[in-house]
Amino acid sequence: MVTLNLINQRLKPYLFILIFIVSLCLFQSIVIIRDYEQGLKIRLGNPKNTLNTGFHLIIPFIDHVVRFDTRLQIIDTPPETVNTKEKKPLEVDTYIKWKIDDIMKFYKTNASISKAELNLENLMRTTIRNQF
């Protein structure tokens, strides 16, 4: 009985550390995807599968989830002056409405919202210049 108490006293600080580590792993293994989001599970740097609305479990420290907003996005670009074929200046104010349909394809081509917005703005500028 005395030896059991002695072992319990020695292990008591380690027990708190163990409980902390286990609770941290449990906390990081639960992912919540909201109604307006979709998630992409990334395992060791490679996209694995998409996650829809709800609770999902992942493997901590191996998997991580990238969330994407699937609502309609609007980019308001600054006005740009272009020259028409008649060499007259024309100020064009544009905006872009876009939405992510395929999360896996979006991640493989852009990897982030900011890069996608930059690509769309460049495409818009090129299209406007070609029109006039």
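Let's start with Phe 106, which is buried, its relative accessible area being 9%. Keep in mind that this is a predicted model. Phe 106 joins Phe 68 and Trp 98 in a cluster linked by ring pairs.

**Aromatic pairs**
- You'll find two aromatic pairs in the structure.
- Phe 68 and Phe 106 make an edge-to-face pair, because their planes stand at 80 degrees, with the ring centres 5.3 Å apart.
- Phe 68 belongs to strand β5 (residues 63–69) and Phe 106 to helix α2 (residues 103–109), so this pair ties together parts 38 residues apart in sequence.
- Trp 98 and Phe 106 are stacked instead, with 20 degrees between the planes and 6.2 Å from centre to centre.
- Trp 98 counts as buried too, because its relative accessibility is 9%, below the 20% cut-off.

**A charge over a ring**
- Over at Tyr 36, the charged end of Arg 71 sits over the ring, 4.1 Å from its centre.

**Nonpolar cores**
- The largest nonpolar core counts 16 residues, and Leu 40, Phe 68, Trp 98, Ile 100 and Phe 106 have the most contacts inside it.
- β2 (37–43), β9 (95–98), α2 and α3 (113–131) are the elements giving two or more residues to this core.
- Helix α2 provides the largest share, four residues.
- A second, separate core has five residues, among them Val 31, Ile 33, Leu 51 and Val 65.

**Around Trp 98**
- Beyond its neighbours within four places in sequence, Trp 98 is in contact with residues including Arg 71, Leu 72, Ile 113 and Leu 120.

Terms used. Residues are numbered from 1 along each chain as its sequence is written. This is a predicted model: local features need pLDDT of at least 70, side-chain atom pairs count only at pLDDT 80 or more; totals for chains, interfaces and linings use all residues. Side-chain values use heavy atoms; hydrogens and water are left out. Rings of Phe, Tyr and Trp (its six-membered ring) pair if their centres lie within 6.5 Å; planes under 30 degrees apart count as stacked, over 60 as edge-to-face and the rest as tilted. Buried means under 20% relative accessible area, exposed over 50%, partly exposed in between (1.4 Å probe, protein chains only). A charge sits over a ring if NZ of Lys or CZ of Arg is within 6 Å of the ring centre and within 35 degrees of the ring normal. A nonpolar core is a set of buried Ala, Val, Leu, Ile, Met, Phe, Trp, Tyr and Cys residues joined through side-chain atoms within 4.5 Å. Contact means heavy atoms within 4.5 Å.
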